[in-house]
Amino acid sequence: MSVVLVQWWCKFFALVELMVDHHCQMLIRLQCCIENSWSQNYDTGHWPENFDLTCFTQRLLLVCTGIKMDHPNLNLSSYHPVCKQIVDALKADSCWFEAFEHEAVRTSEEAAATREDYTLRQGAKAIIISVKRKAADVTKPSHAMLVFPADEKFNAKKVKAALGVKDVRFATVEMVAELTGGVEPGGVPPFGNLFGLDVYVAPELLQLEKIVFNAGDRRFSLGMTVKDYQKLVNPTVLNML
């Protein structure tokens with residue numbers, strides 16, 4: 001982006017300040033929004049390489065006007081109930097998100113083809129594992145959720161070492177259904193907290209700005225920011241790749 005556009009935004013911010021100068025708290029929130037999105041590239045006259053203008057504008061709209069991106073035409077009645085749970089959680093916390101309705105997909109590659117502006121790596125792959133623990137830890141949960149970039153592969157050896165357990169393996173289809181209330185494999189969202197599961201996330205995923213995932217149904221995906229994901233799920237970082 002050119003310096004001219006940066007200057008235009010500066011004038012816009014000045015106008016906003018004049019309009020709401022009696023709302024100090026709003027100005028503080030606006031400043032935080034700018035700092036989180038703009039980084040330190042102002043002096044160069046360019047936006048940061050990973051700057052998302054659409055996401056920034058929608059957040060700015062929320063800060064300045066209180067208008068939420070509520071996706072009023074989103075009808076979730078035909079999807080698994082967990083889809084609505086996640087969308088409701090995003091709305092309740094004023095999180096930016098975008099929704100994708102598409103044909104049923106199961107693999108990460110199929111899912112990536114349905115989502116414009118997202119790479120395969122931005123896909124948040126969520127798998128549920130069965131954990132065989134050591135004798136001293138038998139009271140700890142026997143299942144957990146792993147979340148990592150969709151272009152990576154499950155590495156049982158590294159996960160076993162990182163968790164300090166005797167063995168790990170994919171949970172069976174029947175067990176996944178039991179734990180998630182009937183979510184099909186390929187549709188499991190990275191919100192293991194909704195199912196009472198401990199959630200472990202690869203640090204590589206947290207280096208991204210946005211992620212996208214099947215949100216409880218093979219026909220429905222959500223994109224959101226990594227920061228909001230961390231805030232809502234509070235996963236444990238685990239070196240698993």
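Which residue stands opposite I129 in β4? The residue in that position is F170. The structure discussed here is a predicted model, in which local features need pLDDT of at least 70 and side-chain atom pairs count only at pLDDT 80 or more, while totals for chains, interfaces and linings use all residues. Residues are numbered from 1 along each chain as its sequence is written, and side-chain values use heavy atoms, with hydrogens and water left out.

The opening pair belongs to a set of strands around β2. Helices (H or I, at least four residues) and strands (E, at least two) are taken as DSSP runs and numbered from the N terminus. Two strands are said to pair if DSSP finds at least two bridges between them. Strand β2 covers residues 124-132, and four bridges join β2 to strand β4 (residues 167-170) in an antiparallel arrangement. β2 also pairs with strand β3 (residues 143-149), again in the antiparallel sense, over seven bridges. I129 has a bridge partner in β3 as well, namely A144. Seven of the nine residues of β2 are buried, so the strand is mostly covered; buried means under 20% relative accessible area, exposed means over 50%, and partly exposed lies in between (1.4 Å probe, protein chains only).

A further sheet involves β1, β6 and β7. Strands of a sheet pair through backbone hydrogen bonds, either parallel or antiparallel. Here three strands form an open sheet in the order β1-β7-β6, with antiparallel pairing. Because β1 (97-101) and β6 (210-217) each have a single partner strand, they stand at the edges, and one side of each is left without a neighbour in the sheet. From one strand to the next, the twist averages 25 degrees; axes are lines fitted to C-alpha atoms, for helices over the stretch in contact, and angles run from 0 to 180 degrees between N-to-C directions.

Six bridges connect β6 with β7 (residues 220-225) in the antiparallel sense, and K210 stands opposite T225 in β7. Helix α9 (residues 226-233) lies across β6 and β7, at about 100 degrees to β7.

Side chains of opposite charge can pair when their charged atoms come close. A salt bridge is counted when a side-chain nitrogen of Lys or Arg is within 4 Å of a carboxyl oxygen of Asp or Glu, and the structure holds nine salt bridges. In one of them, D93 and K231 meet at 2.9 Å, N to O. This pair links distant parts of the chain, 138 residues apart: D93 is in the loop between α4 (81-92) and β1, and K231 is in helix α9. D93 is partly exposed at 34% relative accessible area, and K231 is partly exposed at 47%.

K231 forms a salt bridge with D228 too, the closest N and O atoms being 3.5 Å apart. Both residues lie in helix α9, three residues apart, about one turn of the helix. D228 is buried, with a relative accessible area of 5%.

Another salt bridge joins R219 to D217, with the closest N and O atoms 3.0 Å apart. R219 is partly exposed at 30% relative accessibility, whereas D217 is buried at 11%.

The cysteines remain to be described. C83 is buried at 0% relative accessibility, and C95 is buried at 6%. With a disulfide defined as a pair of cysteine sulfur atoms within 2.5 Å, the count comes to zero disulfides.

Terms used: Contact = heavy atoms within 4.5 Å.
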